[in-house]
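Please read it alongside the sequence and the coordinates.

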Amino acid sequence: MASFYIPLSGLEADTTALNTIANNLANLNTTGFKAQTANFSDMFYQQIGEQGSGDLIQEGSGVGISSIQSDFSQGSQISTGNATDVELDGNGFFVVSTPEMEILRSAPPET
């Protein structure tokens with residue numbers, strides 16, 4: 001039955017990677033969008049010997065997505081002509097809060 005699960009793991013990982021690419025394409029022109037990249041990795045592998053040069057021979061038993069990385073590099077600066085539009089130059093994020101969040105933050109702790 002293992003011969004079924006190994007290719008299935010590849011299909012599942014590829015589906016996740018394709019979903020990541022589709023999300024990148026769908027949001028390409030969205031202001032502030034940060035592209036993502038899916039990284040593949042072996043789920044399990046075993047050493048089955050050595051080559052004559054001493055290099056290991058390894059056999060994999062499936063693949064998975066080890067991580068999905070976001071690209072946080074600086075985007076292009078675009079002037080909108082609107083004085084209330086702002087952007088960050090360099091590293092960081094805007095902290096956004098609503099009046100309701102401020103009320104919760106300033107409320108005394110429950111006893």
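The model is predicted, with local features requiring pLDDT of at least 70 and side-chain atom pairs counted only at pLDDT 80 or more, while totals for chains, interfaces and linings use all residues. Numbering starts from 1 along each chain as its sequence is written, and side-chain values use heavy atoms, with hydrogens and water left out.

**Overall form**

The protein contains two helices and four strands, in the sequence order α-β-β-β-β-α. Helices (H or I, at least four residues) and strands (E, at least two) are DSSP runs numbered from the N terminus. The radius of gyration is 23 Å, whereas a compact globule of 111 residues would have a value near 13 Å; the radius is taken over C-alpha atoms, and the globule rule is 2.2 Å times the number of residues to the power 0.38. Along the principal axes, the C-alpha atoms fill a box of roughly 65 × 50 × 30 Å.

Of the 111 residues, 7% are buried. Buried means under 20% relative accessible area, exposed over 50%, and partly exposed in between, with a 1.4 Å probe and protein chains only. Among contacts with a separation of 6 or more, 43% join residues 24 or more positions apart; a contact means heavy atoms within 4.5 Å.

**Selected residues**

| Residue | Relative accessible area | Class |
|---|---|---|
| N24 | 15% | buried |
| Q46 | 36% | partly exposed |
| F40 | 47% | partly exposed |
| L28 | 58% | exposed |

N24 belongs to helix α1 (residues 2–26). Leaving aside neighbours within four places in sequence, N24 contacts F33, A35 and Q36. L28 sits in the loop between α1 and β1.

F40 is part of strand β1 (residues 36–42). Not counting residues up to four places away in sequence, F40 touches A13, D14, A17, V63, G64, I65 and S66. For F40 and A17, which are 23 residues apart along the chain, the C-alpha separation is 8.7 Å.

Q46 lies in strand β2 (residues 45–50). With residues up to four places away in sequence not counted, Q46 touches I57, Q58 and E59. Q46 and F93 are 47 residues apart in sequence, and their C-alpha atoms are 43 Å apart in space.

**Aromatic rings**

There is one aromatic pair in the structure. It is edge-to-face because the rings of F4 and Y5 have centres 5.7 Å apart and planes at 75°. Rings of Phe, Tyr and Trp (its six-membered ring) pair if their centres lie within 6.5 Å; planes under 30 degrees apart count as stacked, over 60 as edge-to-face and the rest as tilted. F4 is partly exposed at 46% relative accessible area, and Y5 is partly exposed at 49%.

**Largest pocket**

How many residues line the largest pocket? The lining has 24 residues, and G32, K34, G75, E87 and L88 lie nearest the centre. By type, the lining divides into eight nonpolar, 12 polar and four charged residues. Here Ala, Val, Leu, Ile, Met, Phe, Trp, Tyr, Cys and Pro count as nonpolar, Asp, Glu, Lys and Arg as charged, and the others, Gly among them, as polar.

A pocket is an open set of points on a 1 Å grid over the protein atoms alone, where a 1.4 Å probe fits, with protein on both sides within 12 Å along at least five of seven lines; lining residues have an atom within 4 Å of a point. The largest pocket holds about 900 Å³ of space, a volume being the space filled by probe spheres set on the points.
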